[in-house]
Amino acid sequence: MTRKNKKSKYRSLLINRKRYYFYKITWLDIVGDSGHADVNEFNQLKPTEMISYGYIFNKDSTCIRSFASYDSTEETFSDRNVYPTGCIIKLEKINI
């Protein structure tokens, strides 16, 4: 009896026999201002919520690494980001 491979419902790609899944990454970005501000203006300065899309290369307790572009013939990655895990609000795996 041959075993049929179960097809994933998530968007992914295979590079050198390793599967990478596509995610929507919601994260907080630093906001800065080099001008003068009073106390009220200073207290209104908040981090901004950003959304990025990419394949998760790897993740550990300190950071998440992602890429958006890759070479189809070599194990080479581009459009890379490293997010501190403390900045990540939400990771959503994207369906096909």
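Which residue forms a salt bridge with Arg 65? Here are some notes on that and the other charged pairs.

1. Before anything else, keep in mind that this is a predicted model. Side chains of opposite charge can pair when their charged atoms come close. With a salt bridge taken as a Lys or Arg side-chain nitrogen within 4 Å of an Asp or Glu carboxyl oxygen, the count here comes to three.

2. To answer the opening question, the partner of Arg 65 is Asp 60, and the closest N and O atoms of this salt bridge sit 4.0 Å apart. How accessible are the two side chains? Arg 65 is partly exposed at 29% relative accessibility, and Asp 60 is also partly exposed, with a relative accessible area of 40%.

3. Next, have a look at Glu 92 and Lys 24. They form a salt bridge whose closest N and O atoms are 4.0 Å apart. This pair ties together distant parts of the chain: Lys 24 belongs to strand 2 (residues 18-29), Glu 92 belongs to strand 8 (residues 88-93), and 68 residues separate them.

4. Glu 92 has another partner, Lys 90, with 3.8 Å between the closest N and O atoms of that salt bridge. Lys 90 counts as partly exposed at 43% relative accessibility. Glu 92 is partly exposed as well, at 28% relative accessible area, because partly exposed covers whatever falls between under 20% (buried) and over 50% (exposed).

Note on methods
Residues are numbered from 1 along each chain as its sequence is written. This is a predicted model: local features need pLDDT of at least 70, side-chain atom pairs count only at pLDDT 80 or more; totals for chains, interfaces and linings use all residues. Side-chain values use heavy atoms; hydrogens and water are left out. Helices (H or I, at least four residues) and strands (E, at least two) are DSSP runs, numbered from the N terminus. Buried means under 20% relative accessible area, exposed over 50%, partly exposed in between (1.4 Å probe, protein chains only).
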